[in-house]
Amino acid sequence: MAAGAPLLTLSGVSKHFGGLQVINDLDFVVHESETVGLIGPNGAGKSTVFNLITSIYQPDRGSITFKGTEITGLAPHKICHMGLSRTYQLVRAFLKMSVMENVMMAAVYGVKHHEQGPKQRAAEALELVEMSHKRDVNAAHLTLSDRRLLEIAMGLSSMPSLILLDEPMAGLTEVEIQHLLEVIGTTRDERNFSILWIEHKVDAVLDFCDRVGVIDYGVKIADGCPDDVACDAKVIEAYLGEPVA
Amino acid sequence: MSDQRIDDTDVKLLPDDGGRRRRKLIWAGLAALAVLFFATLPFYYDVHNGQFGVFFFNVFVYVIVAQGWNLVGGYTGQISLGQNAFFGVGAYTMALLWFNDVTKTGYYFDPVLMILAGVVPFILAVLVGVPLLSRLRGDYFAFGTLGMGMIVTVLFINGGMFTGGAEGRMLVPKMPEGAVFDLRTHYWVAFLVAVLATLVVYFMTTSRIGLALRAIREDEVSAASHGVNVLKYKVFAFAVGAFMAGVAGSIYGYYLLQVTPSNVLTSNWLFLPILMVVLGGTGTIMGPWLGAFLIYLISWYGDSYFAGYHPIISGVVIIAVMLFLPSGLMGLGKKMPGFGNRGRGSG
């Protein structure tokens, strides 16, 4: 897929917690209508990248721009209003609220100024993830895979230009993963947004994404089309360890 | 395969949903009956001389404060320990403006003064709430508001000629000529405001604002990443709660006709309303009413039959409720069907 103009740009971003350098001088770009994977071994700093983009953490150095505007240190709700939504690795849907209330909440407070009212957008988002029949169920009663779909619907309801998916397949069964991939694929084709996808399950990302970045110990060690990245010596080393000989 | 799963969910959840709707109707009917009863009570009961007049008046005042706390503590999840300060500031706002005859209206139960008695705590809550709520969370916010309450109390005690110090302000001489102290007026005003406060909380929490407040209660970080301006809504809920406490303070001030730090800034106005909300059911619309009636009933009868010991009874009731009904009296309805066979509470 031909990528458009740069949508999200990270340049020279660094972050440390105490003496631990989590992200070191990271440059990364997501273009319009592009699906990008970000992989790396445990503790490589993948989730930290998301928390830096969505302003949950402030970077020590470097800048992050979205749609050409500097968003480093901007309040999280303002970043959401610009059209950037995210999901969480440990699902953070509102468990005491019903499915519809969750999505309505995201639709009402998400991106402003739409032709459609929030009710319509919420209903449509639920339709896209095939959860309409569970609209009155409390989120606490959903299975993990339904909660993940719910979070995606919450993201979709605010009509974002970029969705950050934080390990959406962690803890799901093979069947549930297939369903999730289908849903994400069809909604992406329909809405034409960009995706930045953190995943631990490398094979799924390699199949699904246009481009894949690999980070290890906070440093980007590879960035390119999935086939090249999979054969990259550094990547193999990061995942499997140094070769013996 | 997935159809099977969907069917199971539907079977399990649909009756529950119908039950919820039915319960809602029952509550609405009961509430309408109760409103009718209390609104017409003074016509067939001597509210002014009978002891129930004072009893209900006090309950209504407590309900107003409790609904305010319910909004900020129950629905938004921000444990404020400053309600007595807002109550006192409201009472003093009314008393000092009346005492110095600032508005020149010179009549009893001045609605302008009552609204101002809400506006001043509202502004105070915004001024205090912005720094506290942007910096402090959870327990730390609670202690921050407690500190604010202490500061306010000391300021009023040491207010000298302006506040009247520890003796406060005597308002009896300021009564307009010909005005008669009739508890019926107090009863109706307090009841009307209690109903209004309940309606405000109801409509705020069932509207879009309520979605944001409940989302903040559950997960602030997630709410923010879905576009909610968390600080704005927290401060708003805090300030509306302060407004209600302040109006309640002015109503109580009109009843006492003497406003002193020891009767309007006392910790009673802090802990009892919280207790009422928790006992009745935190984050429910009728919980504060049930809690206020029960707590006030216990302390009322306890005071007359076991004078000096009655806090023990209140204490035992509170411990029992927390043990067996952690979600308050409003949680009882949901628990009823399986009451006997739950491990907890059946022993």
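What percentage of the 245 residues of chain A count as buried? The figure is 46%. Keep in mind that this is a predicted model. Chain A has 9 helices and 10 strands, and with a radius of gyration of 18 Å, close to the 18 Å from the globule rule for 245 residues, it is as compact as a globular protein of that length.

**Overall picture**
- The C-alpha trace of chain A spans about 60 × 40 × 40 Å along its principal axes.
- Take the contacts in chain A with a separation of 6 or more: 69% of them come from residues 24 or more positions apart.

**The four-stranded sheet**
- Here 4 strands of chain A make an open, antiparallel sheet, ordered β2-β1-β4-β5.
- The edge strands in chain A are β2 (20-31) and β5 (69-70); each has a single partner strand, so one side of each has no neighbour in the sheet.
- Inside this sheet, β1 (residues 6-17) and β4 (residues 61-66) of chain A pair in the antiparallel sense over 5 bridges, and A:T9 sits opposite A:T65 in β4(A).

**The six-stranded sheet**
- Another 6 strands of chain A form an open sheet with mixed pairing, in the order β6-β7-β8-β3-β9-β10.
- On average, neighbouring strands of this sheet are turned by 15° against each other, ignoring direction.
- At the edges you'll find β6 (84-86) and β10 (219-224) of chain A; each has a single partner strand, so one side of each is left without a neighbour in the sheet.
- Strand β9 (residues 211-216) of chain A runs antiparallel to β10(A), with 5 bridges joining the two; A:V214 stands opposite A:A222 in β10(A).

**Helices lying across the sheets**
- Helix α1 (residues 46-53) of chain A lies across β1, β2 and β4 of chain A, at about 65° to β2(A).
- α1(A) also lies across β3 (35-39), β6, β7 (162-166), β8 (194-199) and β9 of chain A, this time running at about 145° to β7(A).
- Helix α9 (residues 233-240) of chain A covers β9 and β10 of chain A, running at about 130° to β10(A).

**A helix pair**
- The axes of α5 (residues 144-157) and α6 (residues 174-191) of chain A come within 10 Å and cross at roughly 10°, so α5(A) and α6(A) are roughly parallel to each other.
- On the α5(A) side, A:S145, A:R148, A:L149 and A:L156 meet A:E176, A:L180, A:V183, A:T187 and A:R191 in α6(A).
- By type, the residues of this α5(A)–α6(A) contact split into 4 nonpolar, 2 polar and 3 charged.

Terms used:
Residues numbered from 1 in each chain as written. Chains lettered and ligands numbered in written order. Predicted model: local features only at pLDDT ≥ 70, side-chain atom pairs only at ≥ 80, totals over all residues. Rg over C-alpha atoms; globule rule 2.2 N^0.38 Å. Buried ≥ 20, exposed ≤ 12 C-beta atoms within 10 Å, placed from the backbone. Contact = placed C-beta atoms within 7 Å. Pairing = 2+ DSSP bridges. Axes fitted to C-alpha atoms, helices over the stretch in contact; angles between N-to-C directions. Parallel < 35°, antiparallel > 145°, perpendicular 65-115°, else oblique. Nonpolar A, V, L, I, M, F, W, Y, C, P; charged D, E, K, R; others polar.
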